[in-house]
Amino acid sequence: MSKTVVAFGELLWDLLPNKKVLGGAAANFIFRVNTLGDNGKLISCLGNDELGENARKEIKQLGLSEKFIQTNSKFPTGTVPVTLDERGTPDFTIIPNVAYDHIELTQHMISLVNNADCLYFGTLAQRARGSKITLHALIQETPENNKISGHQPSEKLLYY
């Protein structure tokens with residue numbers, strides 16, 4: 001039986017030296033959940049810009065739902081410039097104050113997490129007040145056994 005898994009967090013572009021790649025821990029997680037046959041939903045936010053439009057197109061091509069991906073006109077789509085050293089080891093520069101830092105709580109999100117089998121979230125989406133407040137409200141709505149985190153905002157959460 002298929003499970004409904006919700007990931008809250010970043011959908012962004014990794015800007016590699018020779019190309020850009022859609023990513024973000026939450027987005028990558030949901031992509032993998034769907035490829036394994038479950039019903040993954042991503043809660044995130046993109047800017048109202050060319051990068052946001054391109055991200056939406058790629059999300060659709062990947063067969064993912066964009067129903068819970070908001071658009072923010074005040075903040076740009078997230079980007080992470082990546083440099084590689086002589087061994088090819090990446091160094092990531094996380095740009096602050098981007099769209100996924102400002103995910104706004106909606107009743108649809110609350111309904112989604114109330115009926116989900118799992119809520120996954122990491123630390124990056126908690127760095128800004130807006131998304132942090134939204135995440136913590138969703139955590140309160142999620143059944144206790146259905147929370148998975150990379151970091152612990154509450155002592156009662158499970159780890160991924």
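Read along the sequence, the secondary structure of this predicted model runs β-β-β-α-β-α-β-β-β-α-β-α-β-β, which amounts to four helices and ten strands, where helices (H or I, at least four residues) and strands (E, at least two) are DSSP runs numbered from the N terminus. Residues are numbered from 1 along each chain as its sequence is written. Because the model is predicted, local features need pLDDT of at least 70 and side-chain atom pairs count only at pLDDT 80 or more, while totals for chains, interfaces and linings use all residues, and side-chain values use heavy atoms, with hydrogens and water left out.

Of the 160 residues in the chain, 45% are buried, a term that stands for under 20% relative accessible area, with exposed meaning over 50% and partly exposed lying in between (1.4 Å probe, protein chains only). The accessible surface of the chain comes to about 8800 Å², and carbon and sulfur atoms hold 50% of that surface; such areas come from the Shrake-Rupley method with a 1.4 Å probe. Among the contacts (heavy atoms within 4.5 Å) with a separation of 6 or more, 66% are between residues 24 or more positions apart.

Gln 70 belongs to strand β5, which covers residues 69–72. Apart from neighbours within four places in sequence, the contacts of Gln 70 include Ser 44, Cys 45, Leu 46 and Arg 56, as well as His 102, Ile 103 and Glu 104. A polar atom of the Gln 70 side chain lies 2.5 Å from the backbone oxygen of Glu 104, and the C-alpha atoms of Gln 70 and Tyr 100, 30 residues apart along the chain, are separated by 8.7 Å.

Thr 79 lies in strand β6, residues 78–84, and, when residues up to four places away in sequence are not counted, touches Leu 12, Trp 13, Leu 15, Leu 51, Thr 93 and Ile 95. Trp 13 also takes part in another arrangement, in which the charged end of Lys 20 sits over its ring, 5.1 Å from the ring centre; this requires NZ of Lys or CZ of Arg within 6 Å of the ring centre and within 35 degrees of the ring normal.

The search for aromatic pairs gives a count of one. The ring centres of Phe 29 and Tyr 120 are 4.1 Å apart and their planes lie at 15 degrees, so the pair is stacked; rings of Phe, Tyr and Trp (its six-membered ring) pair if their centres lie within 6.5 Å, with planes under 30 degrees apart counting as stacked, over 60 as edge-to-face and the rest as tilted. Since Phe 29 lies in helix α1 (residues 25–35) and Tyr 120 in strand β8 (residues 118–121), the pair ties together parts that are 91 residues apart in sequence.

Zero disulfides are found in the whole structure, a disulfide being a pair of cysteine sulfur atoms within 2.5 Å.

| Residue | Relative accessibility |
|---|---|
| Tyr 120 | 11%, buried |
| Phe 29 | 14%, buried |
| Thr 79 | 15%, buried |
| Gln 70 | 17%, buried |

Conventions: A polar contact is a pair of N or O atoms within 3.5 Å; within protein, one must be able to donate a hydrogen and the other to accept it, and residues adjacent in sequence count only if both atoms are side-chain atoms.
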